[in-house]
Amino acid sequence: MPFNIIRDDITRVKCDAIVNAANSSLLGGGGVDGAIHRAAGSELLAECRTLGGCDTGDAKATKGYKLPCRYVIHTVGPIWQGGGCGERELLTSCYRRSLELALSLGCESVAFPLISAGVYGYPKEEAVSVAVETIREFLNGQDMDVTLVLFDRSAAAISRSLYDSITEYIDDAYADSHDDSAARMMSANSMAMGAALSEAKPQKPGRMMGLFRKEKGSKKREKNEAVPMMPQPEVLEEVCEEEVSLENYLASRDESFSEALLRMIDERGLTDAETYRKANIDRKLFSKIRSDRGYRPKKQTVLAFAIALELTLPETLSLLSKAGYTLSDSLKFDLIIKYFISRGSYDIFEINRALFAFDQTLIGC
Ligand code: ADP
């Protein structure tokens, strides 16, 4: 996954380089710096002594020694002094310089702690914003796997107001889905009663309970033609809202997920690179999808493309159904995705921050 957020101890993360939130002496300290030195062993300090310190906002590299990474990139974050002393620019520079250094060392994967957000006092949510914005900008022109490793409560990954707004949306949807299921049970009961009554009085044949609107002049299905698998009820509700005809439904069933995806990319005039970057999808995975008509993606991958293509909710459900998935109002993950799509908010970095805040799997791959 080009951009990922995880909760872990950075000294255990396997990648080409991990970044250390060091102090300007580069001679070790507390927090993440202490943990990195302990895990790397004393040779790390010996090499750090040769570097002659480091300026705030800059970065220098050493080997990884006993750590499961080739390099440690030491960067010095700003001390928070209220925000008026260039802290944001300096913190941005820490991420940018570290990424440039990683690139020059040939690294394909880098992991960052939340620089300055410990002893140096940078407010956590703002520190996450600076990290995400700078990494996003860098990944716009580069293929690299960048992981932000957070140590504390996940909720700090987004603002309190966004967290509360999503929580309210989830609670409302849960409540509605329970009301709906009660209503469905009542209507199922009344249908069962109706069916019992109709046993005595046979109904006219050929009624499909209004599932599909039939278009004028549409062909009847041939006797031996396969009956399509019915989409899930949630998909069906959305599909019916769009007034999709049976004919169109059958035609669209012939198109595989990858064919539909490539068609939509073309229709929007997007390049492959624009699409996989917007979708937080690895270039190699995108090539695989492009070359395999029958590719079976993960649900997170389909949703990542739905976000990149800025699909509406019915369009998203239709793309999901091509890979055998749907969205449910009983799953927190699905509701968070719905929250963003229904607001026309298609920033995959923000969506992933929110998913992380709610301890859900991130999208992309
Ligand atoms: P700074 O002095 O730049 O604030 P700190 O080490 O005090 O650096 O904290 C930076 C961030 O690293 C904090 O969010 C802290 O929770 C986190 N942190 C501390 N130890 C680890 C670790 N082992 N792995 C990942 N993150 C860590």
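Trainee: Does Asn352 count as buried or exposed, and why?

Mentor: Think of relative accessibility as the share of a residue that a probe can still reach. Buried means under 20%. Asn352 has 1% relative accessibility, so Asn352 counts as buried. Keep in mind that this is a predicted model.

Trainee: Where does Asn352 sit, and what is Asn352 in contact with?

Mentor: Start with the element, then list the partners. Asn352 lies in helix 14, residues 348–357. Set aside its neighbours within four places in sequence. Then Asn352 is in contact with Ile5, Asn280, Leu362 and Ile363.

Trainee: What is Ile363 in contact with?

Mentor: Again, skip the neighbours within four places in sequence. Ile363 is in contact with Met1, Asn280, Gln300, Leu303, Ala304, Ile307, Phe333, Ile337, Ile348, Ile351, Asn352 and Leu355. Asn352 is in that list.

Trainee: Which residues touch the most other members of the largest nonpolar core?

Mentor: First the general idea. In soluble globular proteins, nonpolar side chains tend to be buried together. Now this structure. The largest nonpolar core has 85 residues. Those that touch the most other members are Tyr95, Phe112, Leu114, Leu148, Ile166 and Ile363.

Trainee: Which helix gives the most to this core?

Mentor: Helix 4 does, with eight residues. At least three residues come from each of domain 1 (3–157) and domain 2 (242–365).

Trainee: Which residues does the second core include?

Mentor: The second core is separate and has 13 residues. Among them are Ile18, Ala40, Cys48 and Val72.

Trainee: How do I read the sheet? What is the order of its strands?

Mentor: The order here is 1-6-5-2-4-3. The sheet is open, with six strands and mixed pairing. Now look at the ends of that order. Strand 1 (3–7) and strand 3 (59–63) are the edge strands, and each pairs on one side only. From one strand to the next, the twist averages 25°.

Trainee: What packs on the sheet?

Mentor: Helix 2, residues 42–49, packs there. Helix 2 touches strand 3 and strand 4 (71–76). Its direction makes about 135° with that of strand 3. Look at helix 4 (residues 124–139) too. Helix 4 lies across strand 1, strand 5 and strand 6 (145–150). Helix 4 runs at about 175° to strand 6.

Trainee: In what sense do strand 2 and strand 5 pair?

Mentor: Compare the directions, then find the bridges. Strand 2 (residues 17–22) and strand 5 (residues 109–112) pair in the parallel sense, over two bridges. Ala17 has Val110 as its bridge partner. Ile18 has Ala111.

Trainee: How many bridges join strand 5 and strand 6?

Mentor: Four, and the pairing is parallel. Ala111 has Thr147 as its bridge partner in strand 6. Now follow the chain. The path leaves strand 5, passes through helix 4 and reaches strand 6. This β-α-β crossover is right-handed.

Trainee: Which residues of strand 5 are buried on each side?

Mentor: Take the two faces in turn. Ser109 and Ala111 are buried on one side. Val110 and Phe112 are buried on the other. Both faces of strand 5 are covered.

Trainee: How many helices and strands does the chain have?

Mentor: The chain has 14 helices and six strands. Of its 365 residues, 44% count as buried.

Methods. Residues numbered from 1 in each chain as written. Predicted model: local features only at pLDDT ≥ 70, side-chain atom pairs only at ≥ 80, totals over all residues. Heavy atoms only, no water. Pairing = 2+ DSSP bridges. Axes fitted to C-alpha atoms, helices over the stretch in contact; angles between N-to-C directions. Contact = heavy atoms within 4.5 Å. Core = buried A, V, L, I, M, F, W, Y, C linked by side-chain atoms within 4.5 Å. Buried < 20%, exposed > 50% of the residue type's maximum accessible area, 1.4 Å probe, protein only. Domains from an automatic or database assignment. Right-handed = clockwise from strand over helix to strand, strands pointing away.
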